[in-house]
Amino acid sequence: MTTPANSQPAVWCNKHEAAKIVGLSESSLKKLRLSNQLIEGIHWVRYSSRCVRYNVELMKDWAATRMDKGTHNQAIENFLGALPSNQPPPRRRRKKKRSP
């Protein structure tokens, strides 16, 4: 599952929903986070010391392709490429010079 470059913004879920998505326990998710198998800022984000959210699409992709890191890395690249900060700046039209 890859995310197209013109996709909607990422959807984030809590640990309960993420555990259901990947078919693991909440404590297993925490172990994956602590062992850096799930990457902070990509698979999950920390909003506060007690609030962690998981990227729904990347968690689904991770669960489906966990044995094939190359395929999952492509999904990560697509996600990062779709971020607004990675979009090219809008092209500006040059003003025509008026002749006197």
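Me: Among the contacts in the protein with a separation of 6 or more, what percentage is accounted for by residues 24 or more positions apart?
Reply: The model is a predicted one. Contacts here are heavy atoms within 4.5 Å. Of those contacts with a separation of 6 or more, the share from residues 24 or more positions apart is 55%.

Me: In what order do the elements of the protein run from the N terminus on?
Reply: The protein contains 4 helices and 3 strands. From the N terminus on, their order is β-α-α-β-β-α-α.

Me: Which residues of the largest nonpolar core touch the most other members?
Reply: This core has 13 residues. At least two of its residues come from each of α1 (15-22), α2 (26-34), β3 (51-55) and α3 (56-65). The residues that touch the most other members are L29, L38, Y54 and M59.

Me: Which residues does L38 touch, not counting residues up to four places away in sequence?
Reply: L38 is itself a member of the largest nonpolar core. With residues up to four places away in sequence left out, the residues it touches are L29, L32, R33, H43, W44, Y54, M59 and W62.

Me: Where do the buried residues of α1 fall, seen down the helix axis?
Reply: The buried residues in α1 are A18, A19 and V22. Seen down the axis of α1, they lie within an arc of 100°, so they line one face of the helix. An α-helix has 3.6 residues a turn, so residues three or four places apart point the same way. The cover over the buried residues of α1 includes β1 (12-13), α2, β3 and α3, and the place asked for is one face of the helix.

Me: Which residue with a positive phi follows α1?
Reply: At the start of α1, a side-chain oxygen of N14 comes to within 3.1 Å of the backbone nitrogen of H16. After α1 comes a residue with a phi near 75°, namely G23.

Me: Is N36, at 60% relative accessibility, buried or exposed?
Reply: N36 is not a glycine, yet its phi is positive, about 65°. It is placed in the loop between α2 and β2 (44-48). The cut-off for exposed is over 50% relative accessible area. Because N36 has 60% relative accessibility, it counts as exposed.

Me: How many disulfides does a search of the whole structure find?
Reply: C13 is buried, with a relative accessible area of 4%. C51 also counts as buried, at 19% relative accessibility, since the cut-off is under 20%. For a disulfide, two cysteine sulfur atoms must lie within 2.5 Å. The number found in the whole structure is 0.

Me: Which residues is I76 in contact with, leaving aside its neighbours within four places in sequence?
Reply: I76 lies in helix α4 (residues 69-82) and is buried, with a relative accessible area of 8%. Leaving aside neighbours within four places in sequence, the contacts of I76 are I39, I42, H43 and L58.

Methods. Residues are numbered from 1 along each chain as its sequence is written. This is a predicted model: local features need pLDDT of at least 70, side-chain atom pairs count only at pLDDT 80 or more; totals for chains, interfaces and linings use all residues. Side-chain values use heavy atoms; hydrogens and water are left out. A nonpolar core is a set of buried Ala, Val, Leu, Ile, Met, Phe, Trp, Tyr and Cys residues joined through side-chain atoms within 4.5 Å. Buried means under 20% relative accessible area, exposed over 50%, partly exposed in between (1.4 Å probe, protein chains only). The arc is that of the directions from the helix axis to the C-beta atoms. A polar contact is a pair of N or O atoms within 3.5 Å; within protein, one must be able to donate a hydrogen and the other to accept it, and residues adjacent in sequence count only if both atoms are side-chain atoms.
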